[in-house]
Protein chains: 2
Amino acid sequence: MERGIEKHNSVTQLELLASIKAEAEQIDKKMQSFLVGEPRDLYSAAYYLPSLGGKRMRPYVTIMCGRMFGDVDEQLYLSALSVELLHNFTLVHDDIMDKDEFRRGHPTVHKEYGETVAILAGDLLFSKAFEAASIAEERTGAAGIVRQLSLASIKVDEGQFLDISFEGRHSVSMEEYLRMIYLKTASLYECSALIGGLTGGIVSAASRSAANENQRGFLAEYGKNLGLAFQIRDDYLGVFGDASKTGKPVGNDLRRGKKTLITIMATGLASGTQLTRFESVLGNSLATAEELNGVISMLKELEIDTKCVVTAKEYAEKAVESLDTFPQTRVRALLQALAQYASTRES
Amino acid sequence: MERGIEKHNSVTQLELLASIKAEAEQIDKKMQSFLVGEPRDLYSAAYYLPSLGGKRMRPYVTIMCGRMFGDVDEQLYLSALSVELLHNFTLVHDDIMDKDEFRRGHPTVHKEYGETVAILAGDLLFSKAFEAASIAEERTGAAGIVRQLSLASIKVDEGQFLDISFEGRHSVSMEEYLRMIYLKTASLYECSALIGGLTGGIVSAASRSAANENQRGFLAEYGKNLGLAFQIRDDYLGVFGDASKTGKPVGNDLRRGKKTLITIMATGLASGTQLTRFESVLGNSLATAEELNGVISMLKELEIDTKCVVTAKEYAEKAVESLDTFPQTRVRALLQALAQYASTRES
């Protein structure tokens with residue numbers, strides 16, 4: 001049996017990370033030159049967050065999904081750029097709404113430039129995302145790139161609204177939670193994969209063509225499940241992660257009262273006494289490290305850490321299987337390894 | 001001599017206003033059905049400002065410019081909707097930045113729903129604008145609609161940044177001011193006219209075609225000059241307007257220290273003593289009605305009111321002339337009357 005993640009262990013995690021890094025450098029260069037304009041202070045503020053780095057996972061998905069249909073050309077990088085710009089836009093505005101003061105180890109845009117400029121810088125990144133997508137669409141004649149980007153931006157907005165409104169609610173169902181993380185996070189991965197398939201191959205060689213309807217369905221499945229695996233691993237790391245690797249304080253999500261897979265599992269599995277103890281920490285910004293660690297131990301006794309790992313792995317395997325009908329190339333192996341990485345990463 | 005505004009006095013202002021109203025009703029209906037979704041509270045917040053009315057001048061420009069190239073079809077309304085959605089997005093975010101509490105006689109979105117929801121509601125209107133534009137572009141095959149919308153959204157963002165930064169500066173040159181109002185206001189009118197020309201005629205009849213490059217240039221000129229006339233009239237009304245008609249307190253712009261055509265002309269024309277008096281009111285939120293009225297009388301003595309009227313009229317005439325090469329239809333007459341109206345309206 002050679003199905004699933006095991007199939008492509010010829011691509012090691014090191015090879016994957018090297019490939020991501022190489023593409024990230026290309027995207028970073030293009031992003032820098034794309035975010036130049038007047039007034040300079042506005043463009044500096046817009047470029048501030050992108051300049052602080054990031055994994056560039058979403059554009060990597062676009063580039064690799066496109067590459068399954070032909071060589072990489074300029075337009076594919078523009079499509080990839082559009083999803084990264086959209087992602088950065090959401091971070092800038094989310095940080096304002098969540099009143100977060102640090103990201104990527106630096107002050108957030110609104111802390112550095114003030115809220116007014118941060119709103120405008122976010123809006124500018126949003127506009128530039130659509131500029132990049134519209135250029136890619138015009139040059140390739142690949143209908144659907146902009147449409148998909150607009151649908152994803154609507155979904156991300158809806159997801160952020162749900163995420164915030166969940167914070168004020170006592171309980172959230174598993175179904176509601178999965179819907180929220182699909183909208184807020186996975187929909188942009190879905191879009192990234194899809195527009196890779198729409199852009200790729202069209203211009204690069206006459207003998208190749210972009211993804212057909214069937215293939216688009218598989219790409220969307222891949223992106224969606226990758227995104228879910230990615231987010232669930234994020235939830236896991238937010239509670240059980242090693243702060244020295246994640247760069248985020250232990251139990252940060254618990255302190256803020258965010259509804260994550262962990263809180264939902266805990267609500268379902270804990271006894272009355274355990275739940276009382278859990279809820280004394282949840283959303284309590286004054287909870288001590290000792291109280292937090294006690295609750296984290298309790299969550300481990302309930303095996304919620306293991307259950308999270310299993311759930312993330314299930315979505316990663318779905319992502320891997322979504323690509324099974326595509327030619328068994330190195331590019332496919334990298335995309336499949338990416339799904340595995342998303343569900344097991346330590347940072 | 002039958003050039004300019006005088007040429008089409010067969011279209012009365014009443015006819016123009018009736019035509020605007022009829023199209024506004026169409027746009028309002030489409031906007032309402034386009035802004036439905038889940039979570040409902042988010043869509044309610046996004047639809048709140050559009051539901052409070054507005055002149056719908058920008059979509060009117062799109063529809064009429066499109067109609068010069070053929071019958072109006074569904075796609076032209078989608079293009080028109082996209083500019084109105086983009087306009088409403090900018091108002092929602094601008095009101096947050098400017099800390100404005102009222103618009104169209106009602107509390108602003110952030111006063112009604114809180115700032116977090118207002119940011120998301122604005123972002124949603126932005127996304128929906130691009131969704132509308134991308135559907136119009138896909139259905140007509142009219143390349144450029146989304147691209148133009150993204151370029152306009154970038155310019156509006158740059159213009160808002162300049163407008164805000166001008167408030168903190170002692171003086172602003174006429175050139176800087178004109179650049180700012182082009183970016184902040186006129187660029188979206190330019191886009192509205194242009195995408196009307198791009199969308200119009202393509203689908204409606206095989207024998208018609210959208211605007212060619214030459215015609216696109218004229219449409220852009222029309223929209224730009226219309227927008228400048230509109231904004232300069234806005235500046236005029238903000239100081240010399242009748243509060244019972246404009247719905248804005250007399251001298252509001254002066255109190256806030258906004259840099260408008262009036263402040264720039266005053267800086268150039270006032271004597272030392274007059275300037276001191278003027279600057280004692282400018283940006284002074286505590287200025288009394290008596291002080292404000294005194295300064296407004298002084299501005300009238302300097303004939304700044306008349307000079308504003310003349311300047312707005314000049315741009316309106318440029319707008320009218322931009323359409324001179326188009327067939328002399330009723331639609332053209334309405335667009336030309338609109339330019340005249342923009343520069344002479346009382347509210």
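## A guided tour of the two-chain model

Begin by selecting Lys99(B), which counts as exposed because it has 10 C-beta neighbours inside 10 Å, and keep in mind throughout that this is a predicted model. Lys99(B) sits in the loop between H4 and strand S1 (102–103) of chain B, and although it is not a glycine, its phi is positive, at about 55 degrees.

Staying in chain B, select helix H1 (residues 13–34), whose 22 residues should span 32 Å at 1.5 Å a residue, which agrees with the 31 Å between its end C-alpha atoms. Which residues of H1(B) are buried? They are Ile20(B), Glu23(B), Ile27(B), Met31(B) and Phe34(B), and, seen down the helix axis, the buried residues fall within an arc of 90 degrees, so they line one face of H1(B). The spacing can be read against a general rule: an α-helix has 3.6 residues a turn, so residues three or four places apart point the same way. Show helix H2 (40–51), helix H3 (57–67), helix H4 (74–98) and helix H6 (115–140) of chain B as well, for these are among what covers the buried residues of H1(B). Then look at the face of H1(B) turned away from its buried side, which carries exposed residues including Leu14(B), Lys21(B), Glu25(B), Lys29(B) and Gln32(B).

Follow chain B past H1 into the loop between H1 and H2, where Pro39(B) lies; the peptide bond from Glu38(B) to Pro39(B) is cis, with omega near -5 degrees. In chain A, a cis peptide bond likewise joins Glu38(A) and Pro39(A), with omega about -5 degrees, and Pro39(A) has its place in the loop between helix H1 (13–34) and helix H2 (40–51) of that chain.

Now colour the two chains separately and turn to where they meet: 32 residues of chain A are in contact with 32 residues of chain B. On the chain A side, helix H4 (74–98), helix H6 (115–140) and helix H7 (145–167) each supply at least two residues, and the largest share, 13 residues, comes from H6(A). By type, the residues on this side of chain A divide into 17 nonpolar, 7 polar and 8 charged.

How are the two copies related? Chain A can be laid on chain B with an RMSD of 0.0 Å by a turn of 180 degrees and a shift of 0.0 Å along the axis, and the copies are thus related as by a two-fold rotation axis. The same surface serves both copies, as 100% of the contact residues of chain A recur in chain B.

For the last stop, select Ala229(A), which is among the residues with the most contacts inside the largest nonpolar core, a set of 219 residues. Leaving aside residues up to four places away in sequence, Ala229(A) touches Ala312(A), Tyr315(A), Ala316(A), Ala319(A), Ala339(A), Ala342(A) and Ser343(A). Finally, pick Lys313(A) in helix H15 (residues 304–322) of chain A, whose C-alpha atom is separated by 6.8 Å from that of Ala229(A), 84 residues apart along the chain. Lys313(A) counts as partly exposed because it has 19 C-beta neighbours inside 10 Å.

Definitions and conventions:
Residues numbered from 1 in each chain as written. Chains lettered and ligands numbered in written order. Predicted model: local features only at pLDDT ≥ 70, side-chain atom pairs only at ≥ 80, totals over all residues. Contact = placed C-beta atoms within 7 Å. Helix = DSSP H or I, 4+ residues; strand = E, 2+ residues; numbered from the N terminus. Nonpolar A, V, L, I, M, F, W, Y, C, P; charged D, E, K, R; others polar. Least-squares fit on C-alpha atoms with pLDDT ≥ 70 in both. Buried ≥ 20, exposed ≤ 12 C-beta atoms within 10 Å, placed from the backbone. Expected span 1.5 Å × (residues − 1). Arc of directions from axis to C-beta. Core = buried A, V, L, I, M, F, W, Y, C linked by C-beta atoms within 7 Å.
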